[in-house]
Amino acid sequence: MLAIRNVSRIFGGLVALDKVNINIRKGEIRGLIGPNGSGKTTMINVITGFYVPSSGTIHFNDKDISGQSPYNITKQGLVRTFQNINLFSDMTAIENVATAYSLHMKNNLFSTVFNTSFFRKEERRSFEIAESILDFVGLKDKKDLRAKNLPYGQQRLLEIGRALATEPRLLLLDEPVAGMNDQESDEVAGLIQKLRDNGKTILLIEHHMKFVMSLCDKLTVLSSGNVIAEGTPREIQNNEDVIRIYLGKRRTVNAAH
């Protein structure tokens with residue numbers, strides 16, 4: 001589904017990514033891990049069009065998306081969340097999700113300005129879909145609360161729900177459980193498993209090793225802009241280079257694979 005081929009990204013004299021190759025299959029949960037400064041977020045930014053690769057190509061469903069705008073990439077079904085929560089804080093939960101679904105609405109300027117029956121039909125549909133998504137992520141009973149008034153963990157769930165409204169084929173989650181307690185992390189883990197069961201492909205960046213090891217089918221480890229290892233969670237936990245550079249000691253963290 002996603003083929004990253006010899007991708008480099010250079011900022012001035014700094015090589016943030018150095019000829020990275022990653023292939024992600026449809027239906028898998030792939031973890032992208034590594035120490036701070038390893039290039040993980042740069043990789044996500046390159047994949048989603050926020051940065052243009054200095055060299056190399058990115059193919060999504062056999063189409064070269066290298067250097068396309070974030071909007072065009074999202075419209076093709078490759079969607080991301082962010083490290084820092086980026087909701088419309090004064091909108092309600094359902095308004096946040098409905099707004100994201102507008103990417104697929106067929107309104108034009110005329111129907112919007114003159115509030116035509118077609119516009120009203122499309123708007124109703126967007127709110128119906130938003131409500132079903134909120135039900136899926138466990139927030140239906142919070143639909144009328146402003147995003148800023150939701151607890152932190154529920155804001156994270158809402159952000160994932162908003163991403164789902166864009167109808168992603170591949171969902172990139174950038175540190176989805178950062179700052180969460182164990183209960184909140186378990187809720188997100190359960191949601192990610194539901195997404196995979198519903199056919200979604202997921203690329204996951206996260207420092208929470210128990211979370212990553214229990215969810216991912218395969219892990220890619222970055223260090224200083226280079227891929228230093230790939231494999232199942234169990235293989236990564238026993239990889240000497242990963243232990244030395246990132247994990248710090250040999251350990252087993254409830255690897256499911």
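1. **Basis of the note.** This is a predicted model, in which local features need pLDDT of at least 70 and side-chain atom pairs count only at pLDDT 80 or more, while totals for chains, interfaces and linings use all residues. Residues are numbered from 1 along each chain as its sequence is written, and side-chain values use heavy atoms, with hydrogens and water left out.

2. **The protein as a whole.** The protein contains 10 helices and 10 strands. Here helices (H or I, at least four residues) and strands (E, at least two) are DSSP runs, numbered from the N terminus. The protein has 257 residues, and 48% of them count as buried. Buried means under 20% relative accessible area, exposed means over 50%, and partly exposed lies in between, with a 1.4 Å probe and protein chains only.

3. **Surface and contacts.** The accessible surface is about 12,200 Å², and carbon and sulfur atoms account for 47% of it. Such areas come from the Shrake-Rupley method with a 1.4 Å probe; for residues, only the protein chains shown count as cover. Among contacts between residues at least 6 apart in sequence, 65% join residues at least 24 apart. A contact means heavy atoms within 4.5 Å.

4. **How helix pairs are described.** Two packed helices are described by the angle between their axes and the distance between the axes. The axes are lines fitted to C-alpha atoms, for helices over the stretch in contact, and the angles run from 0 to 180 degrees between N-to-C directions. Angles under 35 degrees count as roughly parallel, over 145 as roughly antiparallel, 65 to 115 as roughly perpendicular and the rest as oblique.

5. **Helices α6 and α7.** Helix α6 covers residues 152-164 and helix α7 covers residues 182-197; their axes come within 9 Å and cross at roughly 15°. The two helices are therefore roughly parallel to each other. On the α6 side the contact is made by Gly153, Leu157, Ile160 and Leu164, and on the α7 side by Glu184, Glu187, Val188, Leu191 and Leu195. By class, six of these residues are nonpolar, one is polar and two are charged. In this scheme Ala, Val, Leu, Ile, Met, Phe, Trp, Tyr, Cys and Pro count as nonpolar, Asp, Glu, Lys and Arg as charged, and the others, Gly among them, as polar.

6. **Helices α3 and α6.** Helix α3 (residues 93-101) packs with α6 at an angle of about 30°, and the axes are 7 Å apart. That makes α3 roughly parallel to α6. Ala93, Asn96, Val97 and Ala100 in α3 meet Leu158, Gly161 and Arg162 in α6. This contact has four nonpolar, two polar and one charged residues.

7. **Covered helices.** Why is helix α1 (residues 40-47) described as largely enclosed by the rest of the structure? The reason is that seven of its eight residues are buried; they are Lys40, Thr42, Met43, Ile44, Asn45, Val46 and Ile47. After α1 comes Gly49, whose phi is positive, near 90°. Helix α3 is mostly covered, with seven of its nine residues buried. Among the buried residues of α3 are Ile94, Ala98 and Tyr101.

8. **Leu222.** This residue is found in strand β9 (residues 218-223). Leu222 is buried, with a relative accessible area of 0%. Leu222 and Ile33 are 189 residues apart in sequence, yet their C-alpha atoms are 6.3 Å apart in space. Leaving aside neighbours within four places in sequence, the contacts of Leu222 include Leu17, Val20, Ile33, Pro35, Lys40 and Val227.

9. **Lys63.** Is Lys63 buried or exposed? Lys63 counts as exposed, at 54% relative accessibility. Lys63 belongs to strand β5 (residues 63-64). Apart from its neighbours within four places in sequence, Lys63 is in contact with Ile58 and Gln76. From Lys63 to Ala3 the separation is 60 residues in sequence and 9.6 Å in space, C-alpha to C-alpha.

10. Asn6 has a positive phi of about 50° although it is not a glycine. Asn6 is placed in strand β1 (residues 2-11) and is partly exposed, at 43% relative accessible area. Glu175, which is not a glycine either, has a positive phi of about 50°. Glu175 lies in the loop between β7 (170-174) and α7, and counts as buried at 14% relative accessibility.
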